[in-house]
Amino acid sequence: VPEINAPVYAPGNAQVSLMGEKYAGRICQPLTLSGKYFAWTGREYLFAPFGLFLLDLAQLENEPSPIFIPENDWEIVSSVSLSRDFLVYSYRGAVSNIAPFPFPIKIRNLATQEESRLGIDAHTLLASEKYLALLDSSEYDAWWGKLYLYNFETGELRQITSEPVSLWGLNDQYLLYETRTDSQPYWLYKISTAQVQNLPLQDKDNRLILAPRKNQIVYYDYDFAGKSGMVIYEIDQQESQLLLENSYPIAFWRDNWIIYHTTSTSLIHKIFLYNLEEGETYTLYETDGRKDSGIRTVATAEDKILIKEDNFCSYLLLDFEPPLPASDLLVSELEGEPKLKLEWIPSPSSDVKGYNIYLGSSPGEIDYSTPYAVVEHPEHSYITPELEPGRYCFGLRTFDYLGQEAVSYTHLTLPTN
C-alpha cells in the first residue's frame, strides 16, 4: 500500500491528556467513551475479578481515582456501554458458583449515580443517546442472540427479532444488525416506524459502522467495482460510493469525519481523519514505530477521541477545543467607492482554517447561521461588494479544520453614506 503523506492535523487547541501512567495498568476491554465519562473493564488489583471503572473526564486535571463498579467481588463485568446520561453494564457471577449465563443488566444514572436492574439478561450492549440495544444470548453463543431495544426515557423494552442476529450499530434513528441465513445478511430497523430494510451488501471482511446522527454507513469492501477500499452507503438514497482505496474505517467522529487506517494487518501504526464534505485527509496519530507497538482501540465522543496503544499502556485523550478568536476588527470606507474594508489581527491558534464574516444592522441582529463571507487563513482582510447607504454591523468568528468556530467573537458597527 503506498504511504499516505497527508498533512498532520495538529490538534492545536486540543487538550492532550496522557493518562497511561496513572490508569493504564487497569485498562482492559471493552472501553467506552461519552462526552463526560470514560468507562472500561479491568482488575482493581492482581487476581481480582473483572470490574468496571468509571472516570469523570471533567476532573481529569486533578488526577481523580476512578469509581470502581460493582463493589461485590462475585459480580464480574462482561460488557459495558455509555450514553450521555447513563452507564449500562452486564455481569455474571464468579465461575465457581454460576454458569456462563445469564448476564443480568444494570443501568446507572450518571447524574445521581443510582442503579436499577433491567428485567432481561444480555451479553452484548450498545447505547445511543436515547436507546439501548441488547442481545439476549442465553440460547446462543455470545455474539448472537435475540435483539431488544430499550428506551431510556420511557422505560419501554421492545423485542426486535425472534431469531438470532449479531448487532453492528445503533443511533437514535436506526438499528443495524446481521442475520445468519440471508444472502444479503445486513438489515436496518427504523426505530420510529418499526420498518425493516434489507441492505444490498454482501458479507464483508470488515465491520459496518453506523454514523451517530446521519443516515450513513461506512465499511470496507474488497471488491467494489473491481477496487477495494472504504465505501460509504447513503441510507436514504440507497447508494454506495467508494471514498478511498486500500483504506479501512475505524469510527465516525462528529457528523463529517471518519477515522481510518491503511494497514491490512492487525498491527496499526498510523490513523487518519477523512473529511466527508471536503474530501481531504489528515494524519491524526502515529506510533513511535516499534514493531510490537500498535494502535489497539479508538473510541469517539462529540468532542473527544481516545486512542489506546499497545495491550496495556500508553493511551491518550484528545479533547478538541474551538480556536481562539481574532482581535481588533477594523472597518473603513474605501475612498471613492461604495465599499467597506475589514481588517483584523489573526487568531493565534495553530489550527485555524479561516474566518466567517457575518452581517446585520446591530450586534443583536447579526445572523450567525449563514456567513456573509468566508476568508481563508492567513488572509486577515476583506473588501465587501458595493453596498447601499445604511448601517452595517459585522461579526467575525474564527473556525478550524473541524468546522469549530471560536466561542467568542468580534463585532463592529459602522453607519455609512
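Two strands are said to pair if DSSP finds at least two bridges between them, and strands themselves (E, at least two residues) are DSSP runs that are numbered from the N terminus, as are helices (H or I, at least four residues). This is a predicted model, in which local features need pLDDT of at least 70, side-chain atom pairs count only at pLDDT 80 or more, and totals for chains, interfaces and linings use all residues. Residues are numbered from 1 along each chain as its sequence is written, and side-chain values use heavy atoms, with hydrogens and water left out.

| Strands | Bridges | Facing residues |
|---|---|---|
| β18 (residues 209-210) and β19 (residues 216-224) | two bridges | Ile-209 and Val-218 |
| β19 and β20 (residues 227-234) | seven bridges | Tyr-219 and Val-231 |
| β24 (residues 270-275) and β25 | five bridges | Ile-271 and Tyr-285 |

Strand β19 takes part in two hairpins: five residues connect β18 to β19, while two residues lie between β19 and β20, where Ala-225 in the turn has a positive phi of about 55°.

Strands β22, β23, β24 and β25 form, in that order, an open sheet with antiparallel pairing. Its edge strands, β22 (248-253) and β25 (281-286), each pair on one side only.

Elsewhere, Thr-179 belongs to strand β15 (residues 174-179). Thr-179 counts as buried because its relative accessibility is 12%, where buried means under 20% relative accessible area, exposed over 50%, and partly exposed in between (1.4 Å probe, protein chains only). Apart from neighbours within four places in sequence, Thr-179 contacts Trp-144, Val-165, Pro-185 and Trp-187, contact meaning heavy atoms within 4.5 Å.
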